[in-house]
Amino acid sequence: MPVSSIPSRLDTSVQYLKGVGPKAAQVLAKLGVETVKDLLYYLPFRYEDRRDFRPIGSVRPGEWVTLKGRVVSLDSRNRQGNFTIIRAAIADGSGAIGLIWFNQRWIKTQLDKHEGEIIVYGQVKEGNYGYEIASPEWETVDPADDVTGFARLTPIYRLTEGLSQKLIRKAALSAVTSLQPKDIEETLPEEMRKANRLQPLIWSIKQVHFPDTEESRVAARRRLVFEEFFVMQLGLAMRRAQTGEEPGIAFEVSSAVIEDLRSALHFEFTAAQTRVIEEIYSDMRRPHPMNRLLQGDVGSGKTAVAAAAMLAAVRSGYQAALMAPTEILAEQHFVSLHQLFEGMGVRVDLLVGKQTAKQKKQAIDRTTDGSADIAIGTHALIQEGVAFNKLGLVVVDEQHRFGVLQRGALRQKGHGNPDVLVMTATPIPRSLTLTLYGDLDLSVLDEMPPGRIQIKTHWKLPAERNSVYEGVRKLLHEGAQAYMVCPLVSESEKMLAQAANELYLRMSQMVFPEFRVGLLHGQLKTKEKEQSMEAFRRHEIDVLVSTTVIEVGVDVPNASIMVIEDANRFGLSQLHQLRGRVGRGERQSFCVLIGAANNSDAEARLRVMVETSDGFRISEEDLRIRGPGELYGTRQSGELELRVADLLQDGKVLQEARQAATTLVSDDPRLSRPEHARLAVAVRDWDSRVASTDVS
Ligand code: ADP
Ligand code: MG
């Protein structure tokens, strides 16, 4: 927010506002509202249309309503010692409705004193004595009061103990009415306000608290949201522009690269892959470092894009490194890229933690002296002692599994400023990508390879397990392969391994004795894991019992069945990633989620999975269910601290703000023009706020 753009008069304490005083100021401080400026940016979270109350006689169960009426009965009862129930009823000309509050004696005291009408807000339920609203929000109507609360779109603020809607509304009104143009300078140049249909700042602040109409409320909020995003996106665009100016490697990428790759692959690139590869190549040709994020849903074909980038680097005489979050994934990349590049004279090496000391030393020797062109590995790649001869390109697969630091560490091993490509599936909505990874250029693979058949997803209750197994048995007889994912028993790898073992025994001995059953979990030796994966890939195993180690990246096209035990315990993005292991080949694929419906969040997750396979939608639902703080707990950074905007509902404004910011920065890279002076201050402010909270 353009906090710094508001001069000091607004830095005075709220206690000096009309109707506030020191006591109320103390309560407001609990909400982080200390100054007048804080209050102006403490926005209502909803509004009530009090120009027109619903006739009480017209309400129906389930509806959320605002009603106005006279208290016609009032009664309080004590139950079991200290437990109090207050029952009241209000009526207007059209009918009456019951109200219930629990354990709030003071409400009775207040209502006893009050003559006249009250306003209530809540959800109508069918009660024992007709319709009623339990624990409604309410306030008294006092004709002597000012007009703030009545006959208008009334702002409703989040409260804390000891604070009433009336008090905070009064305070906000006083702050807003005393607001002068000289107090609050416009941040956005007029031209860009016009171009983006944005209202002036001062108007917007007034209207967002006390809107004249529904339209002005929307316009006011949009302006404030836009500005918050815009300042952030300006900061990010300036960072991008800065790294874009550092000296880097200008690769010589010829069309022969893509031709060679095309003839080695058994498929044609999709239009999206072709476009994205072109975006990457044009970055690689520039004499500045590439910093690009490739976002594409599970199965969209990111590996082939990475291969195209790596081959281009190698053909220009540089080395490339590919870092994956798990050993299984690194090994799989190694196998497939080794195969792909073998005929082209490109040498691929593997480096993972569990190799023997001798294997590791050999691999490191080859990356150091340059005899390895491409190194594929896990975190092992960024360990001390690993060196490269001439590392020009760094690719990080499934970036969401890594921290930003690890991305940086691999870059450090590069030759000067290597190009960096980070890839991620979509466990995060686009709006979050633009904030968390806003300092990177973005490429999106928004198209799936052709011929994919929609995966059929079913949710089954535990009691239906046997019929699920029968269905699987039928498909196995037809030559399909299946993953069986064991329950998420605990965080401990050991317990997980044990659960996998149990499921393995049950599957191999009781359920599918006639099929070849394999086992995969994190506690196995690298060699054993490799063997299981390889046997499954070659169809020497029909059923692979596994923990979530297969979650990222594993690619076995003939596997078309995924059964997830206790699916209700998994998170949404995890379920989506797991399901992405099937649906990669020509068979109709199935995903069966076995889980009890024992809580509503779990049920919501399973329903979303059955309904959609769209990664963007799933990540948005995930964000909705869990909230950004929870999703990105450890890496929650200053970028996510928004005062006004909401990443879920304001995605469109974010895109517009990003677009406008990019344009402005290419026009005036240092914001040095006088009309951008206020913006420059706001961006510096944002920058220091982010720097001080960025833990990632
Ligand atoms: P992800 O984006 O999840 O990493 P992968 O790179 O593992 O996806 O690709 C998924 C599967 O799709 C692989 O089996 C890959 O060989 C195949 N594939 C990738 N691109 C194409 C394409 N253009 N046409 C057909 N199959 C493709
Ligand atoms: Mg992948």
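Biologist: Where in the protein is the place of His 539?

Modeller: In this predicted model, His 539 lies in the loop that joins helix 17 (526-537) to strand 19 (543-546).

Biologist: What makes the phi of His 539 worth a remark?

Modeller: Most residues other than glycine have a negative phi. His 539 is not a glycine, yet its phi is positive, near 60°.

Biologist: Why is His 539 called partly exposed?

Modeller: Its relative accessibility is 25%. Buried would require under 20% and exposed over 50%, so at 25% His 539 counts as partly exposed.

Biologist: Which residue other than glycine has a positive phi of about 50°?

Modeller: Arg 197 has that phi. The residue is found in the loop between helix 5 (190-195) and helix 6 (201-209).

Biologist: Why does Arg 197 count as exposed?

Modeller: Exposed means a relative accessible area over 50%. Arg 197 has 58%, and therefore it is exposed.

Biologist: Turning to the ligand, which residues are the closest to ligand 1?

Modeller: The closest are Glu 268, Gly 299, Thr 303, Arg 452 and Asp 555, out of 16 residues that surround ligand 1. By class, the shell holds 4 nonpolar, 6 polar and 6 charged residues.

Biologist: How far is Thr 270 from a nitrogen atom of ligand 1?

Modeller: A polar backbone atom of Thr 270 is 3.5 Å from a nitrogen atom of the ligand. The limit is within 3.5 Å, and the pair is listed at that value.

Biologist: What does Asp 555 contribute to the contacts of ligand 1?

Modeller: Asp 555 places a polar side-chain atom 2.7 Å from an oxygen atom of ligand 1. Taken alone, ligand 1 exposes 570 Å², and the protein buries 87% of that area.

Biologist: In which pocket does ligand 1 sit, and how do you know that it sits there?

Modeller: Ligand 1 sits in the largest pocket. The test is that more than half of its atoms lie within 2 Å of the pocket's grid points.

Biologist: How many residues does the protein have, and what share of them counts as buried?

Modeller: There are 696 residues, of which 54% count as buried, meaning under 20% relative accessible area. The secondary structure comprises 23 helices and 21 strands.

Note on methods: Residues numbered from 1 in each chain as written. Chains lettered and ligands numbered in written order. Predicted model: local features only at pLDDT ≥ 70, side-chain atom pairs only at ≥ 80, totals over all residues. Heavy atoms only, no water. Near = heavy atom within 4 Å. Polar contact = N/O pair within 3.5 Å; in protein donor to acceptor, adjacent residues only side chain to side chain. Areas by Shrake-Rupley, 256 points an atom, 1.4 Å probe, with all protein chains shown as cover. 1 Å grid on protein atoms, 1.4 Å probe; cavity = no way out; pocket = protein on both sides within 12 Å on 5 of 7 lines; lining within 4 Å. Nonpolar A, V, L, I, M, F, W, Y, C, P; charged D, E, K, R; others polar. Helix = DSSP H or I, 4+ residues; strand = E, 2+ residues; numbered from the N terminus. Buried < 20%, exposed > 50% of the residue type's maximum accessible area, 1.4 Å probe, protein only.
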